[in-house]
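Please look over the structure below together with its sequence. The report that follows goes through selected residues and elements, and then turns to the overall form.

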Amino acid sequence: MDDDILKKLQGVKAWRDYEARVEQRGEAKAEARIAEAEDKAKQAEAIAKADDLTEFFYARGDELSAYAREQIDSCTSVSQLSSWLRRAYRGETSSEIFPEP
């Protein structure tokens, strides 16, 4: 094969390898941004659920202890917060759901 053609083919291969690496980095960055956005959405959902739970107790006239407030505010699990909210809907008080240690 002609040396000139071989050099051109090697240049094309190097360019394609470079493009592939750039594309992979771009995909990795996009995936990281998506994961970050999903984490922020989960955090926002947990904060909203915690606010719902707190508001429900206050609307019912159930004053939260400092311990109960700490448990609610520090919880990042939407499913746990939903479970506590369901228990509150069924009539359990904040002191029953969050007994002092």
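Glu36 has a relative accessible area of 44%, so this residue counts as partly exposed. The model is a predicted one. Glu36 forms a salt bridge with Lys40, and their closest N and O atoms are 3.4 Å apart. Lys40 and Glu36 are four residues apart in helix 1, which means that about one helical turn separates them.

The search of the whole structure finds five salt bridges.

| Salt bridge | N to O distance |
|---|---|
| Lys40 and Glu36 | 3.4 Å |
| Arg69 and Asp73 | 3.1 Å |
| Arg87 and Glu92 | 2.8 Å |

The pair Arg69 and Asp73 lies in helix 2, which covers residues 66-74. These two residues are four apart, so about one helical turn lies between them. Arg69 is partly exposed at 29% relative accessibility, and Asp73 is partly exposed with a relative accessible area of 48%.

For the pair Arg87 and Glu92, the side chains meet at 2.8 Å, N to O. Arg87 is partly exposed, with a relative accessible area of 24%. Glu92 has a relative accessible area of 23% and is partly exposed. Buried would mean under 20% relative accessible area, so a value of this kind falls outside that class.

Helix 3 covers residues 78-89, twelve residues in all. Which residues of helix 3 are buried? They are Leu81, Ser82, Trp84, Leu85 and Ala88. These residues cover an arc of only 160° around the axis, and therefore they sit on the same side of helix 3. After helix 3 comes Gly91, which has a positive phi, near 110°.

Helix 1 runs over residues 3-59 and contains Trp15. Trp15 also takes part in a nonpolar surface patch, together with Tyr18 and Val22. The area of this patch is about 310 Å².

Is Gly61 buried or exposed? Gly61 is exposed, with a relative accessible area of 57%. Gly61 and Glu38 are 23 residues apart along the chain, and their C-alpha atoms are separated by 35 Å.

The overall form comes last. The protein has four helices and zero strands. Read from the N terminus on, its elements follow the order α-α-α-α. How many Å does the C-alpha trace span along its principal axes? The spans are about 90 × 25 × 15 Å. The radius of gyration of the protein is 27 Å, whereas a compact globule of 101 residues would have one near 13 Å. Of the 101 residues in the protein, 18% are buried.

Conventions:
Residues numbered from 1 in each chain as written. Predicted model: local features only at pLDDT ≥ 70, side-chain atom pairs only at ≥ 80, totals over all residues. Heavy atoms only, no water. Expected span 1.5 Å × (residues − 1). Buried < 20%, exposed > 50% of the residue type's maximum accessible area, 1.4 Å probe, protein only. Arc of directions from axis to C-beta. Patch = residues over 30% accessible without salt bridge, like charges linked within 9 Å, V, L, I, M, F, W, Y side chains within 5 Å. Areas by Shrake-Rupley, 256 points an atom, 1.4 Å probe, with all protein chains shown as cover. Salt bridge = Lys/Arg side-chain N within 4 Å of Asp/Glu carboxyl O. Rg over C-alpha atoms; globule rule 2.2 N^0.38 Å.
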